[in-house]
Amino acid sequence: MLTQNEYFDGKVKSIGFDTPDGKATVGVMEAGEYEFGTSTHEYMKVISGSLTVILPGTDAETIFHPGEAFEVEEGQSFKVKTTEASSYLCLYGE
């Protein structure tokens, strides 16, 4: 079953689905700056474009390009900045 998600006045949209390993979303972010909170462990992989990310516990910006990924633990928040429409895959859980 597919679910639709929309955040930040429609500037971030995703489609949620179930995989054999758990829940996942595929989404697109318009150019902008966003802050996300996690309710579970998240593994986020860039599909197209690039994401500049500030991970929890640091002030350093790290740029992730297509094929690169980062992880954020449950109960954390992280900041994302992109200068172009960028797509991602997010896997939830362990």
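Is Lys23 buried or exposed? In this predicted model, Lys23 is exposed, with a relative accessible area of 54%. So is its partner: Lys23 makes a salt bridge with Asp18, with the closest N and O atoms 3.3 Å apart, and Asp18 comes out as exposed too, at 51%.

Okay, on to the rest of the charged pairs. The structure has three salt bridges. Another one links Glu6 and Lys13, where the closest N and O atoms are 3.8 Å apart. Glu6 counts as exposed at 54% relative accessibility, while Lys13 is partly exposed at 44%.

Then there's Glu61 with Lys81, with 3.1 Å between the closest N and O atoms. Glu61 sits in strand β7 and Lys81 in strand β9, so this pair ties together parts that are 20 residues apart in sequence. Glu61 is partly exposed at 47%, and Lys81 is partly exposed at 29%.

We've got an open sheet of four strands, ordered β4-β9-β6-β7, with antiparallel pairing. The edges are β4, residues 32-37, and β7, residues 61-64, and each of them pairs on one side only. On average, neighbouring strands are turned by 25 degrees against each other, ignoring direction. Between β4 and β9 you'll find six bridges; Glu35, for instance, has Lys79 in β9 as its bridge partner.

Last stop, Thr38, in the loop between β4 and β5. Thr38 counts as buried because its relative accessibility is 8%. Its side chain reaches the backbone oxygen of Glu73 at 2.7 Å. Beyond its neighbours within four places in sequence, Thr38's contacts include Val72, Gly75 and Phe78.

Technical notes. Residues are numbered from 1 along each chain as its sequence is written. This is a predicted model: local features need pLDDT of at least 70, side-chain atom pairs count only at pLDDT 80 or more; totals for chains, interfaces and linings use all residues. Side-chain values use heavy atoms; hydrogens and water are left out. Two strands pair if DSSP finds at least two bridges between them. Helices (H or I, at least four residues) and strands (E, at least two) are DSSP runs, numbered from the N terminus. Axes are lines fitted to C-alpha atoms, for helices over the stretch in contact, and angles run from 0 to 180 degrees between N-to-C directions. Buried means under 20% relative accessible area, exposed over 50%, partly exposed in between (1.4 Å probe, protein chains only). A polar contact is a pair of N or O atoms within 3.5 Å; within protein, one must be able to donate a hydrogen and the other to accept it, and residues adjacent in sequence count only if both atoms are side-chain atoms. Contact means heavy atoms within 4.5 Å. A salt bridge is a side-chain nitrogen of Lys or Arg within 4 Å of a carboxyl oxygen of Asp or Glu.
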